[in-house]
Amino acid sequence: GEKGAPRTSVTEEGGLGSELVAPPHLCAPAARIHPPTPHSFTVLEGEGKLNSNRSPMRLKLTTWNINSVRLRIELVADLLQKEQPDVLCLQETKCPDDAFPLKRFKQLGYNHIALNGQKGYHGVAIVSKLPFDATDIRVFCEKLVPRHISVALGVQAGLAAPLIVHDFYVPAGGDIPDPEANPKFAHKLSFLDEMKTCDGLH
């Protein structure tokens with residue numbers, strides 16, 4: 001597709017991508033695309049897990065390796081105004097939490113924000129129109145690097161079945177796919193192994 005254009009898919013029950021129907025989690029890994037390209041998809045709450053007095057709720061989620069949220073905040077604003085996702089997961093925010101552009105997101109209607117950032121490198125964030133029941137941060141490979149944050153969407157968001165959204169910034173691993181010759185690749189493999197222990201991932 002055209003560079004920089006978001007790609008959107010809708011998940012229907014029993015249709016293409018049915019593994020995303022009422023999932024116990026959503027995993028949003030970093031997209032290794034430069035210039036950064038957002039990816040959007042829609043999730044339909046699953047049959048049999050809903051209150052009997054309402055229809056299934058659709059959630060639209062977008063994930064984007066933004067490569068500096070402050071540098072590209074107006075690009076993010078344009079995306080949010082156009083796509084109107086319920087939840088946006090960002091990777092490589094490169095921004096300490098106290099410098100994150102909270103005001104701009106709240107002007108756009110995204111009042112619920114979970115952050116795990118640092119200056120200059122890495123960093124993840126989840127911004128949402130829907131309130132969180134809880135947030136969590138995991139440390140991977142015993143490295144204090146901001147590569148993960150998760151939120152639980154549930155009663156406060158109007159969901160009958162709780163949904164955990166994980167936002168990961170997975171290590172790139174370098175150019176040599178050999179863990180013995182390349183410590184960065186070994187780190188990536190260890191990170192992926194530890195991801196399996198997160199709630200809802202399997």
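Cys198 is buried, at a relative accessible area of 3%, where buried means under 20% relative accessible area, exposed over 50% and partly exposed in between, with a 1.4 Å probe and protein chains only. Cys141 is buried as well, with a relative accessible area of 17%. The structure holds 0 disulfides, a disulfide being a pair of cysteine sulfur atoms within 2.5 Å. In general terms, such a link is a covalent bond between the sulfur atoms of two cysteines.

The model is a predicted one, in which local features need pLDDT of at least 70 and side-chain atom pairs count only at pLDDT 80 or more, while totals for chains, interfaces and linings use all residues. Residues are numbered from 1 along each chain as its sequence is written, and side-chain values use heavy atoms, with hydrogens and water left out.

The chain contains 3 helices and 10 strands; these are DSSP runs numbered from the N terminus, helices being H or I with at least four residues and strands E with at least two. Their order along the sequence is β-β-β-β-α-β-α-β-β-β-β-β-α. Of the 202 residues in the chain, 47% are buried. Among contacts with a separation of 6 or more, 59% join residues 24 or more positions apart, a contact meaning heavy atoms within 4.5 Å.

β4 pairs with strand β5 (residues 87-91) in the parallel sense over 5 bridges; two strands pair if DSSP finds at least two bridges between them. Leu61 has Val87 in β5 as its bridge partner. From β4 the chain crosses through α1 to β5, and this β-α-β crossover is right-handed, that is, clockwise from the first strand over the helix to the second when the strands point away from the viewer.

Helix α1 itself spans residues 73-83, and its buried residues are Ile73, Val76, Ala77, Leu79, Leu80 and Glu83. Seen down the axis of α1, these fall within an arc of 160 degrees, so they line one face of the helix; the arc is that of the directions from the helix axis to the C-beta atoms. An α-helix has 3.6 residues a turn, so residues three or four places apart point the same way. Just after α1, Gln84 has a positive phi of about 50 degrees.

Val139 lies in the loop between β8 (134-136) and β9 (148-153). Val139 is partly exposed, with a relative accessible area of 41%. Leaving aside residues up to four places away in sequence, Val139 touches Leu144 and Glu194. Val139 and Glu194 are 55 residues apart in sequence, and 9.5 Å apart in space from C-alpha to C-alpha.
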